Every structure is written in C-alpha cells, then in structure tokens.
Amino acid sequence: MLERPSIVLGRDIPQQSADIVVANILAGTLIGLQPQLATHTRPGGNIILSGILAELAEAVSQAFTGAFHMQPPKQLDDWVLLESRRRQQ
C-alpha cells in the first residue's frame with residue numbers, strides 16, 4: 001500500500017529522504033537550497049523544480065547537475081519546470 005504523501009515547509013523538513021521532491025520557488029532560492037534538496041532526494045529519486053523564470057533556468061540546471069541527471073527543461077510562457085533524477089553515487 002502506498003503511503004500518503006506529506007507536504008512540509010522549509011523549516012519543518014524531516015531528517016529523511018524522499019522518492020519525489022517538489023520545489024516551487026524562485027531560482028535564487030533553489031540554487032541556495034540545492035545541497036538540502038539533494039540530501040532530501042533519495043538516490044534514484046526524482047526532483048521537480050518550478051517557479052523558474054526562463055532566463056534563469058540554465059543557472060538552476062547547472063547548480064543541480066552535479067547531484068542530478070537533468071532532463072530538458074519544459075517551458076510555458078516565461079516560466080520553466082526542471083525535472084531530474086538523483087544520481088546513485
């Protein structure tokens with residue numbers, strides 16, 4: 001049986017990792033939180049990053065490339081969504 005998903009705020013993040021992490025925050029904040037987001041995404045797990053202005057998407061992608069296999073960005077108007085899978089390390 002699947003567990004019920006939970007939603008947590010940044011200050012309430014438990015000390016565990018998850019199969020899927022979703023972050024809808026501005027680019028600068030995503031870049032700054034990269035180490036924590038990577039820690040909370042299980043190896044082989046997925047992360048979905050959104051709320052990214054198109055002109056900043058490459059910078060966010062580069063910040064996450066070391067820990068994640070980045071997929072091509074998806075764009076709608078001026079906004080971009082990035083999906084990736086955590087490297088197994």
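The model is predicted, so local features need pLDDT of at least 70 and side-chain atom pairs count only at pLDDT 80 or more, while totals for chains, interfaces and linings use all residues. Residues are numbered from 1 along each chain as its sequence is written, and side-chain values use heavy atoms, with hydrogens and water left out.

The protein chain contains three helices and five strands. Helices (H or I, at least four residues) and strands (E, at least two) are DSSP runs, numbered from the N terminus. Their order along the sequence is β-α-α-β-α-β-β-β. The chain has 89 residues, of which 29% count as buried. Buried means under 20% relative accessible area, exposed over 50%, and partly exposed in between (1.4 Å probe, protein chains only). Among contacts (heavy atoms within 4.5 Å) with a separation of 6 or more, 59% join residues 24 or more positions apart.

Strand β2 (residues 41–53) pairs with strand β1 (residues 18–24) in the parallel sense, over six bridges. Two strands pair if DSSP finds at least two bridges between them. Across from asparagine 46 in β2 stands isoleucine 20. Strand β2 also pairs with β5 (residues 79–86), in the antiparallel sense and over six bridges. Here isoleucine 47 has serine 84 of β5 as its bridge partner.

Threonine 41 belongs to β2. Its relative accessibility is 1%, so threonine 41 counts as buried. A polar atom of its side chain lies 2.8 Å from the backbone oxygen of leucine 37. Beyond neighbours within four places in sequence, threonine 41 contacts Ser17, Ala18, Val21, Asn46, Ile47, Phe68 and Arg86.

One aromatic pair is found in the whole structure. The ring centres of phenylalanine 64 and phenylalanine 68 are 5.7 Å apart and the planes meet at 50°, so the pair is tilted. Rings of Phe, Tyr and Trp (its six-membered ring) pair if their centres lie within 6.5 Å; planes under 30 degrees apart count as stacked, over 60 as edge-to-face and the rest as tilted. Phenylalanine 64 and phenylalanine 68 are both buried. Arginine 86 sits over the face of phenylalanine 68, 5.8 Å from the ring centre. This placement requires CZ of Arg, or NZ of Lys, within 6 Å of the ring centre and within 35 degrees of the ring normal.

Conventions:
A polar contact is a pair of N or O atoms within 3.5 Å; within protein, one must be able to donate a hydrogen and the other to accept it, and residues adjacent in sequence count only if both atoms are side-chain atoms.
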